[in-house]
Amino acid sequence: MLYHYTDFAAFDGIIRCAELRLNNILNMNDAAEMRLFMNGICRAVTEKLEQDGEYEKARQTEDFFQKEMAEEFHYSAYAACFSRYRDDAAQWERYGHLGRGVCIALHERLMQKMVGGAVALQEVYYQNDMREHRLVNELYRAVKDPEAFAKAPSKLQALMNDAWVQSAAFKHPSFASEREFRLVVSPFMANTFAIEPKYHVTAERIKKYYPLDLNKMCGRMNLHLSDLVGEIIIGPTSSQSLPILQDYLTDCGLNFLKDKICLSECPLRKPSS
């Protein structure tokens, strides 16, 4: 299972509306980590080139990365986050509305079958040293081509697109204990992506997001949403009534999920008033 910790407003969107919102990573705390990933890949490639005495190629590579990173908003990725950990105190506090929210467990095997094209389920990469990342050798071989930056930039651009996709699932190693997975969509890969964006308007700002239609994705595999959902856990400090939640699921036409609800056993204390 992969576990999505959230609040009850988002839960309603996922369960009743069968819509999973993927939010812009550049608006999350992880924007700096995307840049850290790209800088790390660039540094690892240029170091290999300098070891070969290819100083001009190293300079061209740095210039290429700098131009690409100046366009980072064009390469914005959107994601929904999951963890391997069930009923975990840190996850409840960080992402589950301080334990007052809810956790939805989804079958990883089914999710893997449902994605494709511009939508990918990625395990988060926590390695701080980029030298061992597969993209380093692929980019290194590409820039060694004498025509890499002149007559044959398409291969290099394709690898850069891949790097932006990979950067959306990178975090500093200090977060490795989260064992995070991300459902990532890359709208800049327009030839494989046909979902229209939506906008969430609050009193303070307007946020852009991409909605994944879970009913449609399940339907392509002859599945129902209730097949995808393995468990629903009410948060350890939540005041949510279990019978009311069962009534809600019944009225949403999701009666099969009633028996999948349980209460958290995490001993997270309610915040003092």
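This briefing walks through the overall build, the cores, one serine and the salt bridges of the structure above. The model is predicted, so local features need pLDDT of at least 70 and side-chain atom pairs count only at pLDDT 80 or more, while totals for chains, interfaces and linings use all residues. Residues are numbered from 1 along each chain as its sequence is written, and side-chain values use heavy atoms, with hydrogens and water left out.

**The whole chain**

- The chain has 10 helices and 10 strands; these are DSSP runs numbered from the N terminus, with helices (H or I) of at least four residues and strands (E) of at least two.
- Along the principal axes, the C-alpha atoms fill a box of roughly 70 × 40 × 40 Å.
- Of the 273 residues, 46% are buried. Here buried means under 20% relative accessible area, exposed means over 50%, and partly exposed lies in between (1.4 Å probe, protein chains only).
- Among contacts with a separation of 6 or more, 81% come from residues 24 or more positions apart; a contact means heavy atoms within 4.5 Å.
- The accessible surface is about 14,200 Å², and 48% of it belongs to carbon and sulfur atoms. Accessible areas come from the Shrake-Rupley method with a 1.4 Å probe, and for residues only the protein chains shown count as cover.

**Nonpolar cores**

- The largest nonpolar core has 37 residues, of which I15, L20, F82, L183, L228 and I232 touch the most other members. A second, separate core of 34 residues includes M34, F65, L139 and W164.
- A nonpolar core is a set of buried Ala, Val, Leu, Ile, Met, Phe, Trp, Tyr and Cys residues joined through side-chain atoms within 4.5 Å.
- Not counting residues up to four places away in sequence, L183 touches a list of residues including L20, Y78, F82, M111 and L212.

**A look at S167**

- S167 sits in helix α7 (residues 154-167) and is buried, with a relative accessible area of 0%.
- The S167 side chain reaches the backbone oxygen of W164 at 2.7 Å.
- Leaving aside neighbours within four places in sequence, S167 is in contact with M34, F37 and M38.

**Salt bridges**

- Side chains of opposite charge can pair when their charged atoms come close.
- The structure holds 15 salt bridges, each a side-chain nitrogen of Lys or Arg within 4 Å of a carboxyl oxygen of Asp or Glu.
- E19 forms a salt bridge with K198, with the closest N and O atoms 3.2 Å apart. E19 lies in strand β2 (residues 19-24) and K198 in strand β7, so the pair ties together parts 179 residues apart in sequence.
- E19 is buried at 18% relative accessible area, whereas K198 is partly exposed at 37%.
- D52 and K144 meet in a salt bridge (3.3 Å, N to O). This pair links distant parts of the chain: D52 is in the loop between α2 (31-51) and α3 (55-69), and K144 is in helix α6 (residues 134-144), 92 residues apart.
- D52 is partly exposed, with a relative accessible area of 41%, and K144 is partly exposed too, at 31%.
- D162 forms a salt bridge with R134, with the closest N and O atoms 2.9 Å apart. D162 lies in helix α7 and R134 in helix α6, so the pair ties together parts 28 residues apart in sequence.
- Salt bridges that share partners join R94, K171, E178, E180 and R182 into one network.

Definitions and conventions:
Polar contact = N/O pair within 3.5 Å; in protein donor to acceptor, adjacent residues only side chain to side chain.
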